[in-house]
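Subject: Handing over the structure

Dear colleague,

I am passing on the structure we spoke about, and below it I have set out what was found in it. Please keep the view open while you read, so that you can look up each residue as it is mentioned.

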Amino acid sequence: MPEYFLFVGNPGVGKSTILNGLISELRFKSGFSPGQGMTSVLQCEEKGGKFYMDTPGLADVEKRRIAAKEIEKALKQDGDYRIFFVLTLESGRVRPQDKATMELVLQAAPCIGHKYGILFNKVSKRAVAEFLENPSRADPSPRDVLLTHLFSGNLPVTTAIHYNLKDDDLEDAMNVVKPLKPELVRFIQGLPAIHIHSSQVREIKADQYEQMMEAMEKKMAKMQEDNAALLAELARVREQLANAGGGGCCLL
């Protein structure tokens, strides 16, 4: 049975650089590309009997419909998948365009459920300290708020979450191959695979992207301003995390 490592994310999040580092070869174009992503179609590369997939991002307006079709194609290869959504933070907050991408893809392939990974890439040292090293004792903590915004709405929660520190040496670097940190490799290789058949994958509705992103921006703004709304959503997310095996006391 073919085994696929599929990376999904918007332009500039660092998917190609991660893939090059993962397979220790320059197979995926990466680097500075203002206004659009380096990846315009599905790219699938084989290494050691496994297949590694890079996909274009839905945030690229001009290529959105093509990108949706290419992600669909990636999900319809009939095999065992490890699926990763690569995100970046904006002032320590989830970007609505990343959340919209995740929701559209997971809606098109409901068989994935909560069996996917989230990789927060290029995370600043301050954010790492805030979310991981010295989490606030406040309830909700900054990490709680971050992941409540991410999982708000209809998004199935996952406990497979990793924070990858920003590497200044890779900023705008073109076509580099730099080994990944061991903890990132363990995260990627350790995610349980799920079998996906092409018949389980529906159309990714690219035409709903803008409307979905606007709705998410409004909801996230409401939670930012209304503590009661935030706490209500936090309780729901914690319950779903507990059902997914993540425990009910805090967010990962």
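This is a predicted model: local features need pLDDT of at least 70, side-chain atom pairs count only at pLDDT 80 or more; totals for chains, interfaces and linings use all residues.

To begin with one place in the chain, in which loop does Pro11 lie? Pro11 sits in the loop that runs between β1 and α1, the latter covering residues 15–23.

The average pLDDT of the protein is 88, and 89% of the residues score at least 70. Over residues 246–252, however, the pLDDT is below 50, and this stretch has 24 contacts in the model beyond near neighbours in sequence.

The protein exposes about 12,000 Å², of which carbon and sulfur atoms supply 48%. If you take the contacts between residues at least 6 apart in sequence, 75% of them join residues at least 24 apart.

The aromatic rings deserve a careful look. A pair of such rings is described by how far apart the centres are and by the angle between the planes. The count comes to seven aromatic pairs. One of these is formed by Tyr4 and Phe51, which are tilted, with 5.5 Å from centre to centre and 35° between the planes. Tyr4 belongs to strand β1 (residues 3–8) and Phe51 to strand β3 (residues 50–54), so this pair ties together parts that are 47 residues apart in sequence. Phe7 and Phe84 form a pair that is stacked, with 5.0 Å between the centres and 20° between the planes. This pair also links distant parts of the chain, since Phe7 is in strand β1 and Phe84 in strand β4 (residues 79–87), 77 residues apart, and both Phe7 and Phe84 are buried. Tyr4 and Phe51 come up again in an aromatic cluster, which they form together with Tyr81.

Phe51 also leads us to the strands around it. Strand β2 (residues 43–47) pairs with β3 in the antiparallel sense over five bridges, and Glu46 is the residue that stands opposite Phe51 in β3. The hairpin of β2 and β3 has two residues between the strands, and within this hairpin Gly48 takes a positive phi near 65°.

Finally, I would point you to helix α3, which has 13 residues (96–108). At 1.5 Å a residue, α3 should span 18 Å, and its end C-alpha atoms are 18 Å apart, which agrees. How many of the 13 residues of α3 are buried? Eleven of them are, and the helix is therefore described as mostly covered. Among the buried residues of α3 are Pro96, Asp98, Lys99, Met102, Glu103 and Leu106.

With best wishes,
A colleague

How values were computed
Residues are numbered from 1 along each chain as its sequence is written. Side-chain values use heavy atoms; hydrogens and water are left out. Rings of Phe, Tyr and Trp (its six-membered ring) pair if their centres lie within 6.5 Å; planes under 30 degrees apart count as stacked, over 60 as edge-to-face and the rest as tilted. Helices (H or I, at least four residues) and strands (E, at least two) are DSSP runs, numbered from the N terminus. Buried means under 20% relative accessible area, exposed over 50%, partly exposed in between (1.4 Å probe, protein chains only). Two strands pair if DSSP finds at least two bridges between them. Contact means heavy atoms within 4.5 Å. Accessible areas come from the Shrake-Rupley method with a 1.4 Å probe; for residues, only the protein chains shown count as cover. The expected span of a helix is 1.5 Å times one less than its number of residues. pLDDT is the predictor's confidence in each residue, from 0 to 100.
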